[in-house]
Amino acid sequence: MAKARLSSRYSEAEDRSIRLGLFLIACGILSLFVLVFCWISPTLQSLRSQPANCTVVSVLHPEDTFECVFTCGAPCRGTSRYPCLQIFVNNSESNSVALLHFDEQQLVLNPKCSYVPPCERDNQKNKDSVLRWEDDFTREVRGHAFTCFFNRQRRPDDVLWHRSHDTGVLLHCLLWPMVSLLLGTLIVLLTVCARSLAVRAEALQKRTRPYEVCQGLSATPSNRRGNKAEQPLSTNSDLELSSPTRTLPLFAVPVRRRDREH
């Protein structure tokens with residue numbers, strides 16, 4: 001019973017390890033597909049943009065304003081407005097004037113403006129945020145050339161000030177799903193190999209048992225004969241040791257009785 005319980009426990013442990021390995025494999029494949037569509041594709045498109053030298057040509061403040069959505073909690077949600085800021089630069093790669101954008105996300109969010117502020121409930125705070133970014137940008141650039149990123153195929157009339165994705169994002173998106181996939185595969189393979197080795201060892205043990213039994217049966221008659229041959233020796237020795245004549249001293253002298261002499 002103890003052996004049966006022990007084997008059942010080992011089988012349950014092996015089943016759990018196999019399930020864990022399959023779960024890790026499924027998580028790795030699923031996360032890889034999700035990251036490919038959500039992060040890897042935009043990252044590859046961002047990395048296709050080439051660095052170029054840009055110089056500021058003009059800074060415009062159109063009168064148009066755009067809406068943005070702000071949230072201040074679950075029940076609090078609404079829209080506010082922010083002013084548009086347009087910074088036109090000269091691109092050294094195309095030798096043409098292009099509209100500068102902060103990064104790819106803001107380019108997709110509003111392709112007509114250079115900067116989209118964090119949406120606040122108050123319109124004045126949105127305006128102050130745009131003016132503050134304009135002052136910081138002009139203070140950093142100060143009328144000289146700076147590095148921008150240009151994609152001729154997708155956006156020939158737009159340039160980016162920063163990349164929102166780099167090679168680090170691509171590395172993490174590929175590394176962790178592959179680690180999960182490899183770890184799950186390794187767990188499954190090790191469990192299957194351990195089970196196959198246990199089965200082979202059990203089969204080999206079953207094969208060697210009949211051979212040992214046959215050897216034991218062949219050895220028993222010879223042992224019995226040997227025991228029968230040795231038994232008389234042991235009895236003779238016991239008789240010799242137990243006989244009283246053998247226990248007499250070597251120098252014992254027989255004493256004659258006087259009545260017999262007379």
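# Reading a predicted barrel and its aromatic pairs

The chain has an accessible surface of about 19,600 Å², with 59% of this area on carbon and sulfur atoms (Shrake-Rupley method, 1.4 Å probe; for residues, only the protein chains shown count as cover).

Student: What kind of model is this, and how are its residues numbered?
Tutor: The model is predicted: local features need pLDDT of at least 70, side-chain atom pairs count only at pLDDT 80 or more, and totals for chains, interfaces and linings use all residues. Residues are numbered from 1 along each chain as its sequence is written, and side-chain values use heavy atoms, leaving out hydrogens and water.

Student: What pLDDT does the chain average?
Tutor: pLDDT is the predictor's confidence in each residue, from 0 to 100. The chain averages 75, and 69% of the residues score at least 70. Where pLDDT is low, predicted coordinates should not be read in detail. Residues 227-253 stay under 50, and the model gives them two contacts beyond four places in sequence (contact: heavy atoms within 4.5 Å). Residues 257-262 are also below 50, with one contact beyond near neighbours in sequence.

Student: How many helices and strands does the chain have?
Tutor: Both are DSSP runs, numbered from the N terminus: helices are H or I with at least four residues, strands are E with at least two. This chain has five helices and seven strands. From the N terminus the order is α-β-β-β-β-β-α-α-β-β-α-α.

Student: Which strands make up the closed barrel?
Tutor: Strands of a sheet pair through backbone hydrogen bonds, either parallel or antiparallel. Here pairing requires at least two DSSP bridges between two strands. The closed barrel has five strands, in the order S1-S4-S5-S7-S6, with mixed pairing. Its neighbouring strands are turned by 50° against each other on average, direction ignored. S5 (residues 96-101) and S7 run parallel, joined by three bridges. His 101 stands opposite Leu 160 in S7.

Student: Which strands does H3 lie across?
Tutor: Axes are lines fitted to C-alpha atoms, for helices over the stretch in contact; angles run from 0 to 180 degrees between N-to-C directions. H3 lies across S1 (50-60), S4 (86-91), S5 and S6 (146-151), at about 120° to S1.

Student: Which side chains of S3 point to the buried face?
Tutor: In a regular strand, side chains alternate between the two faces of the sheet. Buried means under 20% relative accessible area, exposed over 50%, partly exposed in between (1.4 Å probe, protein chains only). In S3, Gly 78, Ser 80 and Tyr 82 point to one face and are buried. S3 pairs with S2 in the antiparallel sense over seven bridges. Ser 80 is the bridge partner of Cys 68.

Student: How many aromatic pairs are there in the whole structure?
Tutor: Rings of Phe, Tyr and Trp (its six-membered ring) pair if their centres lie within 6.5 Å; planes under 30 degrees apart are stacked, over 60 edge-to-face, the rest tilted. A search finds nine pairs. In one of them, Phe 66 and Tyr 82 have ring centres 6.2 Å apart and planes at 35°, so the pair is tilted. Phe 66 is in S2 (residues 65-71) and Tyr 82 in S3 (residues 77-83), 16 residues apart. Phe 66 is partly exposed at 22% relative accessibility, whereas Tyr 82 is buried at 3%.

Student: Why is the pair of Trp 133 and Trp 161 edge-to-face?
Tutor: The ring planes stand at 80°, with centres 5.8 Å apart, so the pair is edge-to-face. Both Trp 133 and Trp 161 are buried. They also belong to one aromatic cluster with Phe 102, Tyr 115, Phe 137 and Phe 146.
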